[in-house]
Amino acid sequence: MAQPRVRAQGKARVKTRGESVFGERFALFAETLLTGVWTAVACLGVVTYPAALAAGTRHLRRRVRHEGGGLREFVADFRSALRGGWLVGLAGWGAAAAVRVDVQAARAGIPGGPLVGAVGLFALLALVVTLLRAAAVWEPGRSWRPLLAEAGRRTAQDPAGSFLLVAGLAVVVLSGRLVAPLAVPVLGAVVAAAVAVEERRRTR
């Protein structure tokens, strides 16, 4: 009689443990979507997107480590990252404008235009991935210039992780084309992917 009771208790423990794991993962998923909303709102300042991404990734890092933190800490990180991040955001828009000129040249039928346009788009994707990887390791007080330089090297040395981020960006774009508001929470998945890619590389 004792053995069945022990087995029943063991099954109950396994079930409870499984439910807690599911609950924790669902909570992380919900937090990821919420982070996407916070990040999207913080990006509305046009040149504030690097700081928004840095604050979003740091928030999710705290959540994964079971550390405290909410909207107040997100805003504090955003303000800290914005001190040098707005220059990065301005430079990013400059790069996007240059790529747009290349694409227009390709459409106009200028000799060599398609090649120049393709190279420009590839370079822009590499810059976006570099920015995401830099934001994923940002900490208050760190300068953006060395962060971007290190992230650029990781982008080239870890093509698998970089491809994962490109795929995440593609999901956001497709979500926006299908249902525009859906791209806002889905942005959190890209933030989470950046955190996961950097954590994967760190623990290899």
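Among contacts (heavy atoms within 4.5 Å) between residues at least 6 apart in sequence, 68% join residues at least 24 apart in this predicted model. The fold holds seven helices and zero strands, and its pattern along the sequence reads α-α-α-α-α-α-α. Helices (H or I, at least four residues) and strands (E, at least two) are DSSP runs numbered from the N terminus.

Residues are numbered from 1 along each chain as its sequence is written. As the model is predicted, local features need pLDDT of at least 70, side-chain atom pairs count only at pLDDT 80 or more, and totals for chains, interfaces and linings use all residues, while side-chain values use heavy atoms, with hydrogens and water left out.

The average pLDDT (the predictor's confidence in each residue, from 0 to 100) is 84, and 87% of the residues score at least 70.

Of the 204 residues, 34% are buried, that is, under 20% relative accessible area with a 1.4 Å probe and protein chains only. The largest nonpolar core has 33 residues, and Trp144 and Leu165 touch the most other members. Such a core is a set of buried Ala, Val, Leu, Ile, Met, Phe, Trp, Tyr and Cys residues joined through side-chain atoms within 4.5 Å. Helix 7 supplies the largest share of this core, eight residues. Leaving aside residues up to four places away in sequence, Leu165 touches Val129, Leu132, Arg133, Val190, Ala193, Ala194 and Val197.

| Pocket | Volume | Lining classes |
|---|---|---|
| Largest | about 1,100 Å³ | 27 nonpolar, two polar, one charged residues |

A pocket is an open set of points on a 1 Å grid over the protein atoms alone, where a 1.4 Å probe fits, with protein on both sides within 12 Å along at least five of seven lines; lining residues have an atom within 4 Å of a point. A volume is the space filled by probe spheres set on the points. Ala, Val, Leu, Ile, Met, Phe, Trp, Tyr, Cys and Pro count as nonpolar, Asp, Glu, Lys and Arg as charged, and the others as polar.

Of the 30 residues lining the largest pocket, Tyr49, Trp93, Val128, Leu131 and Leu169 lie nearest its centre. Helix 3 gives the most to this lining, with eight residues. Residues lining the second largest pocket include Phe122, Val129 and Phe163.

Conventions: Buried < 20%, exposed > 50% of the residue type's maximum accessible area, 1.4 Å probe, protein only.
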